[in-house]
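Notebook open, viewer loaded. I'm jotting down what I look up, one stop at a time.

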Amino acid sequence: MEKNYGCCFSNLSSNFPITCFIAFITIILFRVLYVIYRTGKPLSKRAPQQPLSTLIVLGSGGHTAEMINLLLVLQKDRFTPRFYIAAASDNMSLQKVRVLENALADSSGVKGISAEFMQIYRSREVGQSYVTSVWTTLVSMAHALWLMIKIRPQVVLCNGPGTCIPLCVIAFFFKVVGIRWSSIFYVESIARVKRLSLSGLLLYKLRIADQFFVQWPQLQRKYPRAYYVGCLM
């Protein structure tokens with residue numbers, strides 16, 4: 001009898017780590033499904049004037065020009081403080097939004113600006129080999145994680161640059177583990193007429209973006225979960 005009891009206890013002990021692992025994976029899976037279900041749905045009502053910390057991801061060239069157009073109609077007192085992030089090699093985009101923020105501060109008569117400007121390492125530079133990009137991608141993900149822990153934004157606004165992917169993935173991860181619920185708003189570039197960009201396709205297919213906007217009606221017909229908002233330029 002004692003021998004049988006010892007065997008049973010030994011079997012339970014050996015299976016306990018496996019049971020815990022299965023339970024953990026199950027909990028994570030249900031949490032991911034819950035986050036996907038809640039994605040895009042309105043959160044609990046906040047006070048009307050409560051500001052929302054906002055992360056704005058910039059991209060070189062046309063991405064920044066389109067983002068500036070969006071920022072011109074943004075409720076500045078609602079989406080504040082604002083955190084701008086651009087690639088480490090993209091100084092021009094940050095310079096443009098600094099000019100915008102300074103102009104907004106001057107027009108409102110407020111001393112100083114309620115914005116911070118940051119840079120993030122690229123996962124892969126143009127022309128970089130895929131072998132070396134493995135290391136730079138890991139560095140980029142670690143840097144993105146550090147920035148997201150520091151900022152923990154309530155809103156993420158992006159429009160296509162590849163630098164938004166690690167930031168949005170980490171924001172989704174924060175939802176799953178309960179660190180911060182960040183609403184992700186993605187606006188596809190006006191240059192995308194017939195198909196989504198790679199960044200947009202990933203955020204759409206993986207259901208990471210809470211709200212997904214396109215600027216051409218044929219794109220909305222092709223991707224029905226997207227919202228057609230017309231041309232924003």
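This is a predicted model: local features need pLDDT of at least 70, side-chain atom pairs count only at pLDDT 80 or more; totals for chains, interfaces and linings use all residues.

I started at I22, which sits in helix 1 (residues 2–38); helices here are DSSP runs of H or I with at least four residues, strands are runs of E with at least two, and numbering goes from the N terminus. I22 belongs to a nonpolar surface patch with I18, F21, F24 and I25, and together they have about 520 Å² of accessible area. For the record, patch members have over 30% relative accessible area and no salt bridge, with nonpolar side chains (Val, Leu, Ile, Met, Phe, Trp, Tyr) joined within 5 Å and like charges within 9 Å. The areas are Shrake-Rupley with a 1.4 Å probe, and for residues only the protein chains shown count as cover.

Residues count from 1 along each chain as its sequence is written, and side-chain values use heavy atoms, leaving out hydrogens and water.

I find seven strands in an open sheet, ordered 3-2-1-4-5-6-7 and paired in parallel; a pair needs at least two DSSP bridges. Strand 3 (115–120) and strand 7 (227–228) are the edges with a single partner strand each, so one side of each has no neighbour in the sheet. Strand 5 (residues 183–187) pairs with strand 6 (residues 211–214) in the parallel sense over three bridges, and V187 stands opposite F213 in strand 6.

Then I checked what packs on the sheet. Helix 3 (residues 91–108) touches strand 2 (82–87) and strand 3, its direction making about 175° with that of strand 3. Helix 6 (residues 198–205) touches strand 4 (155–158), strand 5 and strand 6, at about 140° to strand 5. Contact means heavy atoms within 4.5 Å; axes are lines fitted to C-alpha atoms, for helices over the stretch in contact, with angles from 0 to 180 degrees between N-to-C directions.

Which residues of helix 2 (residues 62–72) are buried? I get T64, E66, M67, I68, L70 and L71. Their cover includes strand 1 (54–57), strand 2, helix 3, strand 4 and strand 5. Buried is under 20% relative accessible area, exposed is over 50%, and partly exposed is in between (1.4 Å probe, protein chains only).

Salt bridges: I count two, the cut-off being a Lys or Arg side-chain nitrogen within 4 Å of an Asp or Glu carboxyl oxygen. E101 meets R82 at 2.8 Å, N to O. E101 lies in helix 3 and R82 in strand 2, so this pair ties together parts 19 residues apart in sequence. Both E101 and R82 are buried. K175 meets D210 at 2.7 Å, N to O; K175 is in helix 5 (residues 164–177) and D210 in the loop between helix 6 and strand 6, 35 residues apart. K175 counts as buried at 0% relative accessibility, and D210 does too at 10%.

Most non-glycine residues have a negative phi, and most peptide bonds are trans. R152, in the loop between helix 4 (130–151) and strand 4, has a positive phi of about 45°. R207, in the loop between helix 6 and strand 6, has phi near 60°. The T80 to P81 peptide bond is cis, with omega near 0°, and P81 is in the loop between helix 2 and strand 2.
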